[in-house]
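Let's take a look at the charged side-chain pairs in this model. Here is the structure first.

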Amino acid sequence: MLKRGSSLKSTARDLSRKLEEEEEDAEASRKNSFLESVGYTLVRFLGASALFLVLLFGAAYVLWIYEAPIEAGARVADHAERDRWRSIIARLFRFIAVPSADGLSGTTCSAAYDNVAGVFPDYDLPTPPERWVLASDNVTTCDVGTSASGTCVLTCVLKHPTFKQVERCRVVDADGYNPALFDATCLASTSACPNCHLLTVGLGELTFMGPAGEDPSGKRKIQLAEIYATYRSRLESIAPTTHWDARGSIFFAFTVLTAVGYGNYAPTAWQSKLAITATAIPGIVVFAYALSLFAGTVMRTVTYLKVKFEFARARPRVTRRARIWANTLRQCDVDGNGELSLEELVKGADAICKIIGIDVGGDAGGTGDGKKGVQSGDDDTADENSNHDADDDDDDVKTYHAPGSLGYQIATAKKRGPSNPISAHAQTEARDFIKRAFADADVHGKGSLTLMESMAMVSDLVRVRETQLVESQSWENLKASVFCFLPLVAVAALGFKRLERNAGNDSYTHLDCFYFVIVSLTTVGLGDITPSRGHSQGFW
């Protein structure tokens, strides 16, 4: 019996040494495997990105070639329409000043009105605000001074207040006489509302219906400001836009091929629609593939760095090779009778647990005492008087675990490494795990398992362990995704707000920016908020 116990201990120590050597090789292999995997994934990512860029620039080029001329024609028509509406507003609402009629002199608007408060010529026009017209009709243009048709007079086009500037003066009539009332004091001509004094006129014959009786304050008369606001809003709605230049075409093609699709503008030429039809599905598929490669590389890199800097444990490796299972189980069969008893399996628990990816942290080959190999060797020397063979084996263990030796270094690394904590509790759980598996496999209750039955037991344990590892890895990936995603969202939202502010759009709140980023990154693309032209569009 003592001889058999010594043989079991010797076998356990042999298994321990092999496990340590395999662990050292696995660590180096894990590092090389990570670098190889990242390198191979990077090559595939670059290939997918190159294909995506070909589709992107191909579609953008077609959009630019066929949509830009159409947009240029529409822009000319918009300019003509805006000029027509400007003329209507200027003549209808009297946004034209005549210096001679005001008792002023000068051949330019600046000379006539620069020192006159409350009059603002429109110097922002593409052409100077001076207009020389016939004094007889104030419409027909003529040369400076006089013409064959009569005397020419100088007129100045006045600056039009914007729709928002006029709307700021809208008030609520407490008496209920006028639902379109404006504050006449607010409509004074200032830089905040240039030339708005012209809009305080009430239209005598156009009044709101109301209760019978007099209207001594004249509130029921509609003010010119209400009609002006309607005309001005129509003018501002005809804003010429430029979408289909090179940058706008690339931006549109990118939103389509990434499945975002804001929808704030769309192509009209059949050639452009054909290009989008041909590239949309391949582009989305290639982009999704490239994105998955990038995300996988980021996840593996984060996991590798967490393990390297001791923030997490390395994922155990599960062995699926039947030959390794068989060799490990044969080594556990100390008496060589072709069957494995519970005692033999418990003695080889560390080796079996290594197969199924359970790290118990022990290096004593499953001796069952939860101690280091050095202590195991010292305890074995207590049997010196009873078994000389055991004493020789213990001398070998002492030599193997002597300070400075390979075994000592591995044991020390295990002791302080986060991926291999030495825990008596872990070893106890491993032994209980083996005992439960043995009880399930020993259906005949004979107290031992054949090699094939043991292989079946290990196969079941491998399947269970792989399921556990997949669930654990999914949870780790989720945490890593949150760790990477939240900073990305924050940077994108704050960058979007900063660039929009630089573009003159300061109306977006922080919530709007985070809302836009989330809607875009999830490829929902509602289109209610879109990046402005310029750096904001390029950044996004």
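R86 comes out as partly exposed, at 23% relative accessibility (buried is under 20% relative accessible area, exposed over 50%, partly exposed in between, with a 1.4 Å probe and protein chains only). For the pair, the closest N and O atoms are 3.9 Å apart, where a salt bridge needs a side-chain nitrogen of Lys or Arg within 4 Å of a carboxyl oxygen of Asp or Glu. R86 belongs to helix α1 and D122 to the loop between α2 (109-113) and β2 (130-134), so 36 residues separate them (helices are DSSP runs of H or I with at least four residues, strands are E runs with at least two, numbered from the N terminus).

A quick note on the ground rules: this is a predicted model, where local features need pLDDT of at least 70, side-chain atom pairs count only at pLDDT 80 or more, and totals for chains, interfaces and linings use all residues. Residues are numbered from 1 along each chain as its sequence is written, and side-chain values use heavy atoms, leaving out hydrogens and water.

The whole structure has 10 salt bridges, including these:

| Pair | N to O distance |
|---|---|
| R84 and E81 | 3.0 Å |
| D122 and R86 | 3.9 Å |
| E226 and R170 | 2.8 Å |

R84 and E81 sit 3 residues apart in helix α1 (residues 2-92), about one helical turn. R84 is partly exposed at 43%, and E81 is also partly exposed, at 23%.

E226 in helix α4 (residues 224-237) pairs with R170 in strand β5 (residues 170-171), so parts 56 residues apart in sequence are tied together. E226 is buried at 19%, while R170 is partly exposed at 29%. E167 joins R170 and E226 in a network of salt bridges.
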